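Please keep the sequence and the 3D view open while reading.

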Amino acid sequence: MAPVTSPQPAAIENRTMTINMGPQHPSTHGVLRLEVTVDGEVVTKVKPDIGYLHRCFEKYAESLGDYAKVVPYTDRIDYVSALHQEMGYVIAVEKLLELEVPERVEYMRVILAELQRIASHLLGIGTFGLDLGAFTPFLYCFIERENILRILEKVSGARLLYNYLCVGGLMRDIPTDFTSDTWEFVTSFRPKIKELNDLLTTNSIFIDRTANIGVLPAEVALNYSASGPMLRGSGVSWDLRKNDPYSIYDRFEFNVPVGQGEMGTVGDCWDRYIVRVREMEESLKIIEQALDQMPGEGDVKEAVPRRIRSKEGEVYVRTETPRGELGYYIISEKSGPYRIKARTPSFVNLSILPAISKGALVADLVAIVGSIDIVLGGVDR
Amino acid sequence: MVQTLKKSWTTFKTIFTGMGVTMRHLLQPSVTLRYPEERDELPSGARSKLFVHIDDCIGCKLCERACPVNCIAIETVQATKDVDLGKTSTGNPKRFWITTFNIDMSKCMYCDMCVPPCPTECISMVPEYEYSEYDRNNLLFQFSELSADKVTEVKEKAEKEQEEKQRKKKEAARKKKAQKADQTSKAKQKNSEG
Amino acid sequence: MALLIFATLPLLLIVGYALFAIWLERKVSAHIQDRLGPMRVGGWHGWAQTIADMLKLIQKEDIIPTNASRFLFKSAPFVLFAASYAAFSVIPFSSAYIGSSINIGVFYLLAVTSLLTLSVIMGAWASNNKWSLLGGMRTAAQMVSYEVPTIMSVLSVLVVAGSLNLMTISEMQTGNDILGFLPNWLIFQNPFLIVAFIIFFISIVAESHRVPFDLPESESELVAGFQTEYSGMRWGIFMLAEYADMLLLSLLGAVLFFGGWASPFGSYLSGPVWGFIWFMLKGLLFVFVMMWMRWTLPRYRVDQLMEICWTILIPVSFINFVLIALWEMTF
């Protein structure tokens, strides 16, 4: 470094410094690059630079020319909650083709989706702790996530990218011990949430690091069209499972946890975090109800069309993924899909980052990025 | 002052609760599997490698068409009339020589889309995951069991038969045409006579 | 020659300890997280893992960033290690071994450990890396601030002990006289010293920058802080010095509060060799607690760290100091 000579020591010059956070940085959750302008350690400007993981999902999905073939690609949009991505797409195509899906399939989809939601939230919570320097809760979360992945692997044959839902039904029959496995998981998981609360949620250092940090007022959240825990953390009770039920979500009783500012201001990082923790409990409730009500018999491939004949039309379907509102907009022609557009929550939620991280410290910036819980596959598609 | 003391107290309390949790885990047995010595049993339907019972393949190419990444390449040659390729284990008659059945596992994305369409259930995912290779070319699995000589022989035969067929067809067509021409000329004659 | 052997003994001890401590840290962290940690190298629970790691680090290429200030960059790790090593010279390892029994031992030790700050800033500045610079600035603020409560709590002990010589302080803590069974350790001699010990412990955690005060090298924010650009054996020496520093401050705590090499059972199991074993056990206990904390807690933010130091620890340590002095005058 060249020696900095200051000709007039009396005049103190205040200069800002631009630092590059990412794409190779431990807490940007993938290949996100942030151009951060700092004044000392205070962040004055943040500019997210995305696109390192762009895989042309939309164009590729259109060029495949077959609705069934797109399903494995939807998995890869947000690889942490692959089943939710599939579910949104499959429901959209079913709506387009006006297909009726058997009861058993619907219940199975809901149970799997909620299991996946827990798995995804566990990852989000764990990595959030990791960003703040708590390594151990991260691995405890992964032990629990592993139990879910085992169930899903037994069902679908894959651990991460399931490709289990197909238009009109499921790819495979439900294994016989699925119900008992899930019950076992549900009962074993409840005490683990308490343990997580002891270790991380109520930890005073954790609260110091997250309360009153990255406050997102409800109005701003709505203006940026935030969704999911990001919006609910700001105190807005908006959950598509409740407010615009898709599939069979209207049959279950569950609460929509919202941020209440228990540890600081409404809409801070802690609120976003606690919404995720409480949502896991709600998901457990849904799973229990669904397991009770699920019909024991039935062909899961009953309604699967042998060949999908495309129809002319337009359809938009939105579903609630662990990260927020996922929308699929499909314009269909006789020959096949003309346009498939995915509105991913990660992308929209990330756009709020510059607005809420002004004036934070570099360490807070890491906490804020962690609390948004983005998946870069979802941001770039 | 009181608030600071209160806060310090909760800080200590929560730190000790957390440390209690980690101490409990320290004394618990670990969950690690020591991989090469201990292995987790994969569930029977695990998707880790594609396998083809080539004896059961009827060469319908449905799997090739279903594959979203085009990692399956199949070439078939129609069997000549003098050979009987037999039947598959599911009872479907085989009508094609499978001269090529290549699966490029380096392209495969393990989506399982090729398995359900197969009418004879000859293509399937097997729970075998230890097949890493240093050379990418080694991941091109060739399932066709025909030797190169056999392939050329079969191809020639098929071509010949095809030619034969073509010729016969042409001949038949010509005959037909000639007959027709004959008839029309006769009819014309009749007309002119009348 | 004898002198040379005499002088290299602590070096061997430090290196041996650091290899052991890194292995221990990995094992403790692994078992806390329900993992196993290193299991293969050397057979029994991977005991030779750190030795293998060290051999690997020695073989690695010595990378110096293009625009780095080469001399400072190269020398920073050695300054750091030299400072910790020099401080060990006044530590009384047992009744028969001390490097130099000078009568300003505590003062010398505190002065020499201040050099640690210097070397960290040297490394951070010389790397010509913005993350390193941020880490270095944090370190400077943190270590300078936390020296105040450390010194205040050490001072409280000195009021009770009445000596600056660590050997003398150790010697006066032998025997079991308090209430008939408690050892004569300083922490039992004055109730306010318990508060002093808590402050001391928090401060040494901060000074050896461990979680929850590991801001200088916080890996998830600053990548690795001042160590970002270091690789190979230079990084290894940083690591070695960090663990040596941890042991040094733990041993200081053992001498000042828990009787140094004095046996907890009076004259039973005492003597130079047992003294050494007791001393190391006490030191390692602190080290273990630091590891245990590290794998439990999240990390403070830099301004919160300063707040704790200046608004809680320093006032409390001052008040405590006065109370200890009053207690000593009355009893």
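## Helix H1 of chain A

Which residues are exposed on the other side of H1(A)? In this predicted model, the exposed residues there are Lys59(A) and Ser63(A), whereas the buried residues of the helix, which spans residues 57–64 of chain A, are Phe57(A), Glu58(A), Ala61(A), Glu62(A) and Leu64(A). An α-helix has 3.6 residues a turn, so residues three or four places apart point the same way.

The cover over the buried residues of H1(A) includes helix H2 (67–75), strand E7 (324–333) and strand E8 (336–343), each of chain A. Just after H1(A), Gly65(A) adopts a positive phi of about 70°.

## Confidence

For the complex, the predictor reports an ipTM of 0.83 together with a pTM of 0.86. Chain C has an average pLDDT of 83, and 98% of its residues score at least 70. Within chain C, confidence is highest in helix H2 (residues 49–59), at a mean of 88, and lowest in helix H10 (residues 219–222), at a mean of 70. Where pLDDT is low, the predicted coordinates should not be read in detail.

## Annotated spans of chain A

In an unreviewed entry, UniProt lists residues 131–302 and 307–381 of chain A under "domain: NADH-quinone oxidoreductase subunit D". Residues 131–302 of chain A are 53% helix and 2% strand, with end C-alpha atoms 46 Å apart, while residues 307–381 of chain A are 35% helix and 36% strand, with end C-alpha atoms 27 Å apart.

How values were computed:
Residues numbered from 1 in each chain as written. Chains lettered and ligands numbered in written order. Predicted model: local features only at pLDDT ≥ 70, side-chain atom pairs only at ≥ 80, totals over all residues. Heavy atoms only, no water. Buried < 20%, exposed > 50% of the residue type's maximum accessible area, 1.4 Å probe, protein only. Helix = DSSP H or I, 4+ residues; strand = E, 2+ residues; numbered from the N terminus. Contact = heavy atoms within 4.5 Å. pLDDT = per-residue confidence, 0-100. UniProt positions renumbered as here; feature names shortened; annotations may be inferred.
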